[in-house]
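User: Please go through the strand pairing and the aromatic contacts of this model with me.

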Amino acid sequence: PKHCAKKEKEPEPEGLVSNLRYRPSGCEEGSYTGEVNADNIPHGEGNLLFPGGESYRGPFEKGKMQGHGGFYVWGREKKVYSGKFKNNMPHGHGETRFVGEGLRKYVGNYEKGMPHGYGEEYDSSGNLVFRGQWEDGEPEHSMVMFEDGSSVFTEDSKSWAIAAD
């Protein structure tokens, strides 16, 4: 069976390229500069700049943004993610800073590009405002922290919104 086949050794980067037109799966075409494999596909460290100003700097594996240490910038308000990538998306532990929103940030786990699992959210002053479980980018059961130091345990994101008022 195919899934039982012997794994091939990962190809080592073969060389460097500059301004290679490249389109990762599920993304728009961009300009890539960095290491490539023998097939001229991004593999190793590189930079990918998209036409709208979004950019990714970090590891590539067989043409995908993949591995630890990726750095992605997007949006008009310049959101910045740093952390682990899998299949061109944040996946695993990472941090997003919302620069256009006064440096608000989220630190925690991601799954398929969204906060999922344990995570913490901080306001622009660095105060912890949310600690707990996230599912598909939304808070779940958690501890909500307020500026005065008080906190409230919530059952779901709806309770959290009411508790914060």
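User: How many residues lie between strand 10 and strand 11 in their hairpin?

Analyst: This is a predicted model, in which local features need pLDDT of at least 70 and side-chain atom pairs count only at pLDDT 80 or more, while totals for chains, interfaces and linings use all residues. Residues are numbered from 1 along each chain as its sequence is written, and side-chain values use heavy atoms, without hydrogens and water. Gly 126 in the turn has a positive phi of about 90°.

User: Which residue of strand 11 is the bridge partner of Glu 120?

Analyst: Strand 10 (residues 114–122) and strand 11 (residues 128–135) pair in the antiparallel sense over six bridges; pairing requires at least two DSSP bridges. The bridge partner of Glu 120 in strand 11 is Arg 131.

User: How far apart in sequence are the parts that the pair of Tyr 32 and Phe 60 ties together?

Analyst: The rings of Tyr 32 and Phe 60 are edge-to-face, 4.9 Å centre to centre with 80° between the planes (Phe, Tyr and Trp rings, the latter by its six-membered ring, pair with centres within 6.5 Å; planes under 30 degrees apart are stacked, over 60 edge-to-face, the rest tilted). Tyr 32 lies in strand 2 (residues 30–36) and Phe 60 in strand 4 (residues 55–61), so the pair ties together parts separated by 28 residues.

User: At what distance from the ring centre of Tyr 122 does Lys 105 lie?

Analyst: A charge sits over a ring if NZ of Lys or CZ of Arg is within 6 Å of the ring centre and within 35 degrees of the ring normal. Lys 105 lies over the face of Tyr 122, and its distance from the ring centre is 5.3 Å.

Key. Helices (H or I, at least four residues) and strands (E, at least two) are DSSP runs, numbered from the N terminus.
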